[in-house]
Structures are given as structure tokens and as C-alpha cells.
Amino acid sequence: MSKEERGAESTIYEELGAWHVNTGEETIHAKRMPGRFRTLKYFTSLVWLVYFFGPYLRYGDRQAILFDIPHRQFHFFDITILPQDVWILSLVLLFFAILLAAVTSTIGRAFCGYFCFQTIWTDAFTWIEEKLEGKPAARHKLDKAPWTLKKLRLRLSKWFFWLLISMFTGISFVAWFTDARQLWLDLFSLQISTVELVAIALFTAGTFILAGFMREQVCFWLCPYARIQGVMYDSETILPTYDFKRGEPRGRLKKGGVPDDQGDCIMCNQCVAVCPTGVDIREGQQEGCITCGLCLDACDTVMDKIGKPRGLIRYASLDDMLGKPEIPLYKRPRVLVYFAIMLIAISGILYGLTHLGSLELKVLHERQPLFVLQSDNTIQNKYVLKLLNKTDRDAEVSLSVQGPKDMQVKGIDKPLILHKGGVTPHTVYIKIPKESLKESRIPIIFTAKMSDKAAVAKYESMFFGPE
Amino acid sequence: MSEKNNPYDVQTTGHVWDETLGELLNQPPKWWWIGFHASWIFVVVYTLIYPSWPLLNSHFKGLTGWTAIKEYKQDMKEIESVRAKYESKLPGMSVAAILADDELSEYAVRSAKVLFGDNCAACHGAGGSGNPGFPVLADDDWLYGGSIETIEQTITNGRRGMMPKMGGSQLTDVEIDKLASAIVAGKVIEEPLYMEKGCVGCHTPTGTGMQALGSANLMDGIWRFAPGSKESVAYTIKHGVNDPSDPKTRDAEMPKFGGGKLSDTDIKKLAVYVYKLGGGQ
């Protein structure tokens, strides 16, 4: 083994020695510091108000947005989506998946840092914790303190508020799937169904445990998106980055400012203190970083105080740090591909939503027997029409059939009433004189027309005769 | 050696093999411990709730009294409560009224599908497509009439038509051959024998038969006894249908399904089903 190789080996072990993984034995009590990104985070958290209050929007006599699973319908204002149109949902999922990829490849794990429910709920929970138990130091002390009446009181009141939020979270989730007003009535009159109760209980317990106790451990070990997003970075992605060229060698602040032979990092440790996942950003980008930008706020505050320019920790790409020129967005193939896919998905969704239609028609030809000889020497075929009314009210539909001139049709003389949101079957018989049948198969086109709307549905079927 | 293998001085079982091998009393991992206790607690709770332990003469019934049969019965009750909306109306309604109501007739057709398969399809074929010697139900040719009421009557009381044998003393083989040829050609009323030998009495001067008697329409292309060949027609003329004096006579009987075999409601459903097979008459 040469000297260099041994040198490389020892560096590996040094890094290994410094490698610390928090598997939950250490509770992170992050410090709260005001700043630009803190404010931004408060604003982005507001997105979740939609989750809490969305179910109470009304449209006409029903809930505006309702995932009606028992009736297999999804209501979104005046749009009702039935299982037949569920392909739109797959495009919506595709759109959001690619949106996540596009955002992550340009500005990093913005979802994790600013929008993720785990992050936001944990933030809310720790806010309550700070109001009740005090600053991080006091909280560390309380954690270690023996159980006294005072500790019990603090803990119980904290858990009470956590539980309150958790329960509201659970109830709000269920409210998307059932009538929200009725849900509250059922809750208070103790007439809630088992399914709803179990769903609320699971969500309450999940929120309480995940946001209250597991916190950053979820991001480290449970969340698949944390890892998926990690591999979407490239060297052009902007991330919270410690400017090591400017910061190193770090050293303590002396009287009269930072000494000339020192970098700008004064080892104040504020960036670590504020980190909600407890990582040290100065070690570089790592799995624990949810790119929330709180360390930027902390560092900027300190830099202001010691009279140095801001941005020792800043949003920057790896290329930027290495002094490479920045590539504009529209020249980055990944971004372009992502946006192309998103564009396809969104045009598909728009097409789907504008072409939902109100009426769907399917025709099943009777197969046993395929055709029947009638006493007047005609051949009769039987068809079962399945008419789907996608609108939210009963509708009248008139039927017509296109086929050979001498055919007789039975069953289309009077209009049909189709019940809302369901399939109505209807039987139609067609007779054609035997001697005028030139072929054993003749195409027949069925047309259904909704009388008060412009909705028309066509279906091509076959008329079968003897060979 | 043994000290190196036990650097943290964990307690051992005290057993030593091959002079130095001891067995350490390490606790199993915490996750395993939690899983283990959760498992046996689950088993205990489960066996308390559900029927489980065998006893001398029977078995432990479980605290909730759950059984598979009870659950099945409950499910059936649920289905019946869904059907009740229609089922409660059917007994008090005439078949014609059921047929006129789109929703009820649709229900009748759906619930009679199994009834038809169990009771009718063996002879009449699935979908009423008929079998040799058994009439097609999907066409508009009805021996006894294709109105919904007649179909109901036919199912309830059954049918047994009768055509006397014409072979032997009545008609010679040559005459039978003549008549059969005329019938297959659809021109039987032009054949003088048709009037002379009294065929006209049942099959009427127009040759279209009488539904009150169940006599067949001889003018159309639909044959009661398949195949519709001259030989087959000649056989029917010679030996008759259900004529007890001729052992070779055609056998044609529709058994009755009323009087306890099927309920009135089931018969009504079947009548609607059969009517809708081909659209009745």
C-alpha cells in the first residue's frame, strides 16, 4: 500500500468518524429567527387553509368539491366526473409528478421546505411548543428534567393543543369525501359512521405522532419523496449553499471584527441552531436538507451584525460555486423535457374537461340468438342500449337509428328518461326483410340525443343475418 | 480469547462449550421485542373476539358471537332490502302493468335471468333461441299467442297441443307427400287436399292457424318441429302431435310451472323476460 493510498483511506475514516446520523435519539429543538425565508414560509403555509376550509364551499345545493366514493362521482363545482372519465385523474397525477420534478430540478426541494404537510404541521406544532415551554434551551432542559407536576401540566397542555390540530386535520380530510356540514352534525350527535370515525381516528393519530414526535425523522427515514427529489438535483439546481471559499477558514470573532487571515464564518452556529432537521449546511448539501432557507435568515442576521455582506449562505448552484457560467432555464434540456410533458398533461386535462360530454351510449348486440327469423319473413336483431347520463339532473333522450331503408325499428318511438349520474338500459329490436339482406353483416348506427342539451352520442353496431 | 468475545461483559448463560464458547444473554432488538408482544396480544384478542378454541363438545363461541353464516344472512338481508323496493310492488301488479313500467320491467328481466336459466333454458335454449322440437321464444311466432298475459298463462298452466295422426286410413303416403310439399312451399291453401281432408278446421282457410287451439301457422317460414324440411312435415302429418293412438306421434308438451313449482311473482318476472326476448307479438 502506497502512502497516498493510505492517506485516502484515513480521510475516509475521518469522514466516517464525523458522520453523525440522528435516528431519533436526539430531539431537534430549532431556534426561531425572523427573516425573509421565515416570512415566505408563513405565507406558503397558508396554502393549507384550502385543505381546512375547502370542503365548506357550496355550489348550488351541494358541496362544491366532493369526492363521492359511494356514488363513484367526483364533483368540482359544475363539473361532475364519473369513473368513465377517470383517465383525466391520471393526467392530473402526471402533471403534479412532473411539476415536482421540474421545480426540484430548478430550485431544489421547495416542496419539502415550503409546502409539505409534514414540514408545515411540524412547524405549527413546534410553534405551540415554544409558546408553552419556551426557547430551545429551556425545552432541552425540560426534556431531561424529572417528571414534576409542572412538567406534567406543560406536557398535557401541549399535547392538548397538538391533539386539537390533529383532530381538525382528520375531520377536514374526511370532509372532502362526505358532506362537511352533515359530518359535523353527525360528530356532535354521535351518529358518525364507523368508516368516518376510523378515518378521523387514524388521521388524528398519524398527525399527532408524525408531526409531534417523529418530525424530521419522517423526512430522513420514511418519506420517499425526500430521496426521489434528492436525485433530481443537478449542478444547475439552486440550493441553500454555504460559500466555503468566502467562509473558510472559519474562526471565532475577535474584538475589532473578523481577523484578516480568517474567512467570514465566525462559528456562531446559528445556521445549525435554526435548522428544523438539525443538519449543518456548512458540510454541504445533504439528505437532511429540506431547502427551507431558515439558515439563510440566521446567517444574514449575523452577517448584518458583524458588518459583513449578506449571502455567506445563499441560494446558489454548484456551477455557481465552482465559478462556471450559469445556463439559462430555456437551455436546460431537463427543464425543457419536464415542461413539455407538463404541457401535454395539461392539454389532455383541458381537452378532457371541455369534452366531458353529458351523454354516453354503448350498444350491446344480443348474441344468443344472434338473429331470429320472424313470421313475416324478416330477420330480427335485438340490441341493449346502455345510456349514461353524466349530468346532475334527470334528462330526456330521444333515439334514432341509421341503417338500410327497409328496416323496421321497435323501441325508439318514445323518448327515454335517464336518471342522473347513472346508466339506463333500453332494448331496441330491428327487423329487415330476409330477401333484401344482401350481406350477413350490415352496419347500424345508433344515435341518442339529449333534448334540452346539445349532447349527442353515437354508437356503431352491426346487424347480423343468415350467411 | 473469551474476554475478547465479550468486550462489554454481558452476562452469559454459564454454559461453556469447547472451553471458551459461552452464550451471551443479549436482549433481542427492540423492534423484535415490540413485534413479538404485539403478535401474541393480537392472537389473544382475536381468539377472544372470534370463535376459536376447541372445547370438549363444541368450541369457544367468541365474545362477539360472530359467525360466517350470520354475516352471510346479514348481507342477504341488505340485498333484499335493496330489492324490496321492487319486490313489494310486483305481487299486486298485473304482468301488463309491470311490462308498461320501464324500471320494473328492467328489474323483472334482470332477476328472471337466473330463473330462465334454471327452468326454461334446458329446452328453449339460452336467450330463447330454441332447440330442435322446442319453440324459439325470441321470435314473433306464437302458437298460443304472444301477448304478455298469454305468455304468463302458458308458463303457469303449461301447454299440450294435439294434432290427430292423418296417416293410415285418412291419407295415403302420396297425399301426405303432396300436402307436405305444398306446406314447405308456403302454398298449402292452394292445395285441394287441404280443404277436402279437414286440415282447414284447425289451421283455418288462410292457413295461419288458431291461437286458441295452438294450431301452427303453415304459411310462414318458422317450423314447430325442426328441421323445416318436407320429410319432417310429412312425419308430423302422418303421426300427428300428442296423438295417443300412434306410438310414433310427435311429443310436444310444455310442463306447467304454476301450482307451487314457481311462485306467482317468479312467473310474472319470467313472462316479462320471455316477452322481452323478442319483443312479443
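Two strands count as paired here if DSSP finds at least two bridges between them. Keep that in mind as we walk through this model, which is a predicted one.

Let's start with a sheet in chain A. Three strands line up there in the order E3-E4-E5, making an open sheet with antiparallel pairing. Because strand E3 (65–68) and strand E5 (79–81) of chain A sit at the edges with a single partner strand each, one side of each has no neighbour in the sheet. Going from one strand to the next, the twist averages 10°.

Now zoom in on one of the pairings. E3(A) and strand E4 (residues 73–76) of chain A run antiparallel to each other and share 4 bridges. If you want a spot to look at, take Ile65(A): its bridge partner in E4(A) is Phe76(A). As a reminder, strands of a sheet pair through backbone hydrogen bonds, either parallel or antiparallel.

On to the cysteines. How many disulfides does the structure hold over all chains? The count is 0. A disulfide needs two cysteine sulfur atoms within 2.5 Å. For Cys299(A), the closest cysteine sulfur belongs to Cys271(A) and lies 6.5 Å away, so the two are too far apart for a bond. Cys299(A) has 9% relative accessibility, so this residue counts as buried.

Cys120(B) is in no disulfide, and the nearest cysteine sulfur, in Cys123(B), is 8.9 Å away. Is Cys120(B) buried or exposed? With 13% relative accessibility, Cys120(B) counts as buried, because the cut-off for buried is under 20%.

Definitions and conventions. Residues are numbered from 1 along each chain as its sequence is written. Chains are lettered from A and ligands numbered from 1 in the order in which they are written. This is a predicted model: local features need pLDDT of at least 70, side-chain atom pairs count only at pLDDT 80 or more; totals for chains, interfaces and linings use all residues. Side-chain values use heavy atoms; hydrogens and water are left out. Helices (H or I, at least four residues) and strands (E, at least two) are DSSP runs, numbered from the N terminus. Axes are lines fitted to C-alpha atoms, for helices over the stretch in contact, and angles run from 0 to 180 degrees between N-to-C directions. Buried means under 20% relative accessible area, exposed over 50%, partly exposed in between (1.4 Å probe, protein chains only).
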